[in-house]
Amino acid sequence: MPTIPIPSSPEHARRPAPEPARLPATSAGVRVRRADTTDLDALVAMEQRSFSSDLLSRTQYRRHLDSDSALVLVASDGHQHVLGAAVLFFRKGSGVARLYSLATLPEARGRGIAAALLEAAVAAARRRGCRALRLEVRTGNAAAIGLYERRGFRRTGHQPGYYEDGEDAWRYEKPLD
Ligand SMILES: CC(C)(COP(=O)(O)OP(=O)(O)OC[C@H]1O[C@@H](n2cnc3c(N)ncnc32)[C@H](O)[C@@H]1OP(=O)(O)O)[C@@H](O)C(=O)NCCC(=O)NCCS
């Protein structure tokens, strides 16, 4: 993930658009909901345990939680612990949403948590009227690439040296029609 600027204009400082507080549980018993400020510690911990570069800071998460151009989703099991998170960005006037980040805690992987978050991200982009969902993924991230391709994302481009540590990215897009 590249470093992204923190929106600072008043236009970006509005409250997030309403999202359902809690989405239906998936078949794997995973629940996905919109994150709030009580999730900040968990989100920062998730970031530090999931990514080695291009990390979102606590300040950036706080801004994203309070912005209508971002949607942060968290996944939990029956015990309410945050086990995974996704970050989506929307741009005013654009019909394309961007999945900026998707992560599951190492000890919770392989239980369908990322799949549930991705399903919720797609549904949220559809609810906002987007025609497509885009993302970038490290060219060496076979697990994530497989997850995206099996859920209808198609490779649309290559971005050499996209990440802070110099790794290339593939661009992917899923039409939402
Ligand atoms: C990639 C990642 C998000 C997957 O999370 P997860 O909760 O374990 O994924 P799920 O259990 O929902 O599995 C989703 C699919 O990926 C497959 N998968 C998961 N981990 C895998 C691995 N290490 N190798 C191959 N396939 C894998 C699953 O078998 C499943 O397959 P399906 O499409 O047939 O259902 C997780 O490994 C992670 O957080 N990695 C670090 C952060 C990252 O790379 N994020 C993605 C780029 S932003």
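How many bridges join strand β4 to β5? In this predicted model, where local features need pLDDT of at least 70, side-chain atom pairs count only at pLDDT 80 or more, and totals for chains, interfaces and linings use all residues, 4 bridges join β4 (residues 96–104) to β5, and the two run parallel. Residues are numbered from 1 along each chain as its sequence is written. Strands (E, at least two residues) and helices (H or I, at least four) are DSSP runs numbered from the N terminus, and two strands pair if DSSP finds at least two bridges between them.

Together with helix α3 (residues 113–127), β4 and β5 make a right-handed β-α-β unit, right-handed meaning that, with the strands pointing away from the viewer, the path from the first strand over the helix to the second runs clockwise. β5 is also joined by 7 bridges to strand β7 (residues 169–175), in an antiparallel arrangement, where Glu173 of β7 is the bridge partner of Arg134.

Turning to the ligand, 20 residues lie around it, of which Thr104, Arg109, Ala114, Ala115 and Ala143 come nearest; a residue is near a molecule if its C-beta atom, placed from the backbone, lies within 6 Å of it. At least two residues of this shell are supplied by each of β4, α3 and α4 (142–149).

As for confidence, pLDDT (the predictor's confidence in each residue, from 0 to 100) averages 87 over the protein, and 84% of the residues score at least 70.
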